[in-house]
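Work through the exercises below with the sequence and the 3D structure open. Each task is followed by a solution in steps.

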Amino acid sequence: MTLPVIHSNQLGFCYGSTVVLDAVDLTVQRGEFIGIVGPNGGGKSTLLKLMLGLLKPTSGHLTVLGQAPRQVRRQVGYVPQYPGFARDFPITVEDVVLMGRLGIGNIWGRYQPADRHAAQQALVEVEAIELAQRPIGTLSGGQTQRVLLARALVSEPEILLLDEPTANIDQRVEGEIFELLAALNSRLTIVVVSHDIAFISHYVNRVACLNQTLICHRTADINGRMIHTLYGGDVRHIAHRWAS
Ligand SMILES: Nc1ncnc2c1ncn2[C@@H]1O[C@H](COP(=O)(O)OP(=O)(O)OP(=O)(O)O)[C@@H](O)[C@H]1O
C-alpha cells in the first residue's frame, strides 16, 4: 500500500469558538484529481490552508506526503483565488512566476539562470510564454490564472492545490484551464476547490462535498438531486453532464 499524498483523520478546525471543520476524514492517493465543492463558508479555503501548513488543526491529524504540511511546503504548488492586480501594478509576468522560486537554492534572493529557465519552462507549459514581459495588471482573467498556475509549477511541486481558479472567468476559458490541469494531472496530484460541481465532474475522479464535515463521492455517483439535498441551491450546478 503506497503512502497517501494527503491524509486527514478526524480533522477539526475552529476560528475562536466558531467550528469551521469537524471530523474531516480524507485520503488522497498519488495521481488523483479531486474537486472540493460546498456552500459559501463551508470551509473549503480553510481546508486548503491547513494542507498548506498556513493553519494548524484544532483537533485530529493531517499529513501531506507523510509529514506535517509546513515541512513539505516546497512540494506543494498553490493557486489562490483570483487576486485582481491593479492595472499599473509595476511587475511583469516573468517576475510573478519567478516569485515561485523564492527560497529555492540561493539564499541571497537573487535569481539564477536556472530560476529564469524554470520560469520560462513553466510559462511554456501553461501556454503563456508570449506574455512574459507584459505587466501583470494588463492581463485578462484567464491569462492571469495561467500565470498564477505557472508560478505554482515553477517550484516543481508534487501536489497542486487550487482555490477556485476559474471564478470570474468565462466558461470557454474555464474549459481551457481545466484541460491544462487534466494534462498536468499525468504527473501531479491535484486538489481543486470549485463552486461548479457539474463542470468539474468532467475532469476530476472524485468530488468531496464540504460543509463543515466532508463526504466524498465518485464522479459517476453525482446527480442534481443529491447536490440539492446536501447543499440546497448554494452550489452552482449547470445540468449538462449529470450521470444518470
Ligand atoms: N481569518 C478568519 N477569522 C475568522 N473566521 C474566518 C476567517 N477566515 C474564514 N473564516 C470563517 O470560516 C468559515 C469558513 O471559511 P472558508 O473561507 O474556509 O469557506 P469557503 O468554503 O472557502 O467559502 P467560500 O466558498 O465563500 O470561499 C466562514 O464562516 C468564514 O467566515
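## Ligand shell

Helix α1 (residues 44–51) gives the most to the shell around the ligand, with 3 residues. This is a predicted model, in which local features need pLDDT of at least 70, side-chain atom pairs count only at pLDDT 80 or more, and totals for chains, interfaces and linings use all residues. Residues are numbered from 1 along each chain as its sequence is written. Helices (H or I, at least four residues) and strands (E, at least two) are DSSP runs, numbered from the N terminus.

**Exercise 1.** List the residues around the ligand and sort them by class.

Step 1. A residue is near a molecule or strand if its C-beta atom, placed from the backbone, lies within 6 Å of it. The residues around the ligand are Tyr-15, Val-20, Gly-38, Asn-40, Gly-41, Gly-42, Gly-43, Lys-44, Ser-45 and Thr-46.

Step 2. Ala, Val, Leu, Ile, Met, Phe, Trp, Tyr, Cys and Pro count as nonpolar, Asp, Glu, Lys and Arg as charged, and the others, Gly among them, as polar. The shell then has 2 nonpolar, 7 polar and 1 charged residues.

**Exercise 2.** Give the strand order of the open sheet of 3 strands, and find what packs on it.

Step 1. The order is β2-β1-β4, with antiparallel pairing; two strands pair if DSSP finds at least two bridges between them.

Step 2. β2 and β4 (59–64) each have a single partner strand and stand at the edges, so one side of each is left without a neighbour in the sheet.

Step 3. On average, neighbouring strands of this sheet are turned by 25 degrees against each other, direction ignored. Axes are lines fitted to C-alpha atoms, for helices over the stretch in contact, and angles run from 0 to 180 degrees between N-to-C directions.

Step 4. Strand β1 (residues 6–15) and β4 run antiparallel and are joined by 5 bridges. Ser-8 has Leu-62 in β4 as its bridge partner.

Step 5. α1 packs on this sheet and touches β1, β2 and β4; the direction of α1 makes about 60 degrees with that of β2. Contact between two residues requires that their C-beta atoms, placed from the backbone, lie within 7 Å.

**Exercise 3.** Is Val-28 buried or exposed, and which residues does Val-28 touch?

Step 1. Val-28 belongs to strand β2 (residues 18–28).

Step 2. A residue is buried if 20 or more other C-beta atoms lie within 10 Å of its own, exposed if 12 or fewer, and partly exposed in between, with C-beta atoms placed from the backbone. Val-28 has 23 other C-beta atoms within 10 Å and is therefore buried.

Step 3. Not counting residues up to four places away in sequence, Val-28 touches Pro-4, Val-5, Ile-6, Ile-34, Thr-189 and Val-191.

## Core and loops

**Exercise 4.** Which residues of the largest nonpolar core touch the most other members?

Step 1. A nonpolar core is a set of buried Ala, Val, Leu, Ile, Met, Phe, Trp, Tyr and Cys residues joined through C-beta atoms within 7 Å.

Step 2. In this core of 63 residues, Val-97, Ala-122, Val-147, Ala-150 and Leu-161 touch the most other members. Helix α4 (residues 141–153) supplies the largest share, 6 residues.

Step 3. Leaving aside neighbours within four places in sequence, the contacts of Val-147 include Val-93, Val-96 and Val-97.

**Exercise 5.** Where is Leu-65 found, and what is its phi?

Step 1. Leu-65 is found in the loop between β4 and β5.

Step 2. Its phi is near 50 degrees, a positive value in a residue other than glycine.

Step 3. Leu-65 has 19 other C-beta atoms within 10 Å, so Leu-65 is partly exposed.
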